[in-house]
Amino acid sequence: MSDQLYNVAIIGRGPAGLQAAIHSGSKKAKVIVFGKPRNSGLYKARVANFCCSEDVITGKEMLEAGRKQAESFGAVFLEEDIIEAKSENNRFILVTESGGAFTFETLILAMGVARKKLQVKGEKEFVGRGVSYCVDCDATFFKGMDVAVVGNESAAAAGALALLLYARTVYLVCRKPMISDLLHERLKRSEVRILQDTWVKEIVGANEVEGLMLTNDESLKVSGVFIELGAKGAMELAANLGVVFDAETFSFIETNKKQETNIPGLYAAGDITGQPWQIAKAVGEGCTAGIEAAEYARKLADSERSRG
Amino acid sequence: MGQGVLDVDDSSFESEILKADKPVLVDFWAPWCGPCKAIAPVMNQLEETYGDSIIFARCNVDHSPNTPTKYSIRAIPTIILFQDGKVVDQVVGAVPKSHLEELLKKIL
Ligand SMILES: Cc1cc2nc3c(=O)[nH]c(=O)nc-3n(C[C@H](O)[C@H](O)[C@H](O)COP(=O)(O)OP(=O)(O)OC[C@H]3O[C@@H](n4cnc5c(N)ncnc54)[C@H](O)[C@@H]3O)c2cc1C
């Protein structure tokens with residue numbers, strides 16, 4: 001193995017990521033897992049249909065047990081979201097919400113699927129006319145304007161900070177920021193205007209976005225609203241790496257039976273690769289991805305060593 | 001099969017798109033945009049199928065600031081179908097391939 005601290009990175013600590021960590025760890029790869037248990041689809045579930053667990057168990061219990069198991073195989077956990085992923089010289093670089101950057105030989109994407117729509121009046125009507133789901137893509141169209149970002153987690157906080165470079169005023173509409181302390185500090189020290197304990201009731205405008213109605217009955221005049229719920233998902237993180245999505249829905253990452261994507265060293269497992277959205281499928285794919293990723297990292301290290 | 005996806009910019013937009021003798025599907029994109037990368041191969045696939053009767057083009061908004069402003073583009077990818085210099089329809093975001101095919105069927 002290489003001298004690096006970690007060689008297999010896993011984004012996501014749901015059943016897919018946990019099982020991948022267990023199998024990668026058992027192959028003696030040095031594994032780190034990013035993500036938060038409460039953001040797993042399983043966190044609030046009560047599970048009755050997973051093989052070999054006779055009694056109904058809660059998802060929360062499963063996630064905790066999985067973490068302990070993975071740790072016993074040497075995996076390390078970091079309860080942070082990834083806000084940026086890129087690749088350079090056959091290596092993957094991940095940036096965490098607190099600003100740490102890590103480099104890895106292999107990467108397993110196990111981010112699950114999360115709801116990204118706000119489901120309020122005006123949202124659908126104004127897509128592309130002030131409503132955006134991607135700060136990284138669309139910030140440039142709002143130079144000198146007033147904009148709002150909606151969301152409680154890392155994607156919204158990081159998005160609001162990024163928008164300061166373009167927009168005149170940036171509001172962050174959130175119930176409560178659920179982000180790392182370091183990111184929270186950066187946010188509080190920045191010029192982002194944080195509107196807390198509130199949410200969006202309606203997006204208003206004639207032909208394009210002109211403002212927001214908030215649940216505390218305040219209204220906000222903005223030309224743009226960036227909906228950034230949860231953590232950055234497959235489209236935001238993985239598309240930048242050049243991953244191929246299924247052409248039909250553009251929601252799922254294409255893999256083969258080894259859970260390989262089109263990018264060497266990059267694997268995907270769990271809900272992120274498509275239906276059925278079930279634990280059994282997630283752990284099955286996680287197992288394969290974990291083994292394959294560990295093997296890939298070992299071969300890469302061997303070939304680099306023999307080349308000197 | 002046609003010519004591949006054509007790169008256009010502010011200066012060639014009028015001649016290549018608005019004055020084209022065929023309908024044109026234009027993908028407004030930028031290198032920093034993840035969803036744009038995801039949809040690029042679909043434009044290529046569609047071009048292989050429909051390239052004889054429709055021109056497929058892409059416009060990098062980073063190099064061409066005027067055209068996106070003219071068409072009030074505020075999110076990318078935005079894909080616009082032009083015919084005889086006029087906008088027939090447009091979609092925003094990395095939409096499914098079938099959705100783009102529906103769009104093309106309007107004019108085929
Ligand atoms: C209410 C409910 C009940 C369910 N009941 C059942 C059931 O009974 N049986 C069954 O088989 N399935 C059930 N499911 C489905 C099951 O929960 C999912 O199929 C399973 O959790 C998928 O696992 P996953 O690892 O792919 O993703 P998830 O479990 O969703 O985990 C995703 C992980 O990725 C992390 N993540 C996301 N983005 C980032 C980022 N940018 N940076 C870092 N980390 C990130 C999250 O923090 C999370 O840890 C249920 C789902 C729900 C919502």
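1. Contact here means heavy atoms within 4.5 Å. On that criterion, the contact between the two chains of this predicted model draws 22 residues from chain A and 21 residues from chain B.

2. The area buried between chain B and chain A is about 1800 Å², and 62% of this area lies on carbon and sulfur atoms. On the side of chain B, the residues that lose the most area to chain A are Trp32(B), Ala38(B) and Arg74(B); together they account for 40% of what that side buries.

3. One of these residues, Arg74(B), also takes part in a salt bridge, its partner being Glu208(A), with the closest N and O atoms 3.1 Å apart. The count of salt bridges between chain B and chain A is 1. Polar contacts between these chains number 8 residue pairs, both residues of each pair being at pLDDT 80 or more.

4. As to secondary structure, helix H2 (34–50) and helix H4 (97–105) of chain B are the elements that give two or more residues to the side of chain B that touches chain A. H2(B) gives the most, with 6 residues. By residue class, this side of chain B comprises 15 nonpolar, 3 polar and 3 charged residues.

5. Where domain 1 of chain A meets domain 2 of chain A, 11 residues of domain 1 are in contact with 11 residues of domain 2. The two domains bury about 910 Å² between them, of which carbon and sulfur atoms give 45%. In domain 1 of chain A, the greatest losses of area to domain 2 fall on Glu97(A), Ser98(A) and Lys232(A), which together make up 47% of what that side buries.

6. Between domain 1 and domain 2 of chain A, the count is 2 salt bridges, and 5 residue pairs are in polar contact, both residues at pLDDT 80 or more. The side of domain 1 of chain A that touches domain 2 consists of 2 nonpolar, 2 polar and 7 charged residues.

Conventions:
Residues numbered from 1 in each chain as written. Chains lettered and ligands numbered in written order. Predicted model: local features only at pLDDT ≥ 70, side-chain atom pairs only at ≥ 80, totals over all residues. Heavy atoms only, no water. Buried area = accessible area lost by both parts, 1.4 Å probe. Salt bridge = Lys/Arg side-chain N within 4 Å of Asp/Glu carboxyl O. Polar contact = N/O pair within 3.5 Å; in protein donor to acceptor, adjacent residues only side chain to side chain. Helix = DSSP H or I, 4+ residues; strand = E, 2+ residues; numbered from the N terminus. Nonpolar A, V, L, I, M, F, W, Y, C, P; charged D, E, K, R; others polar.
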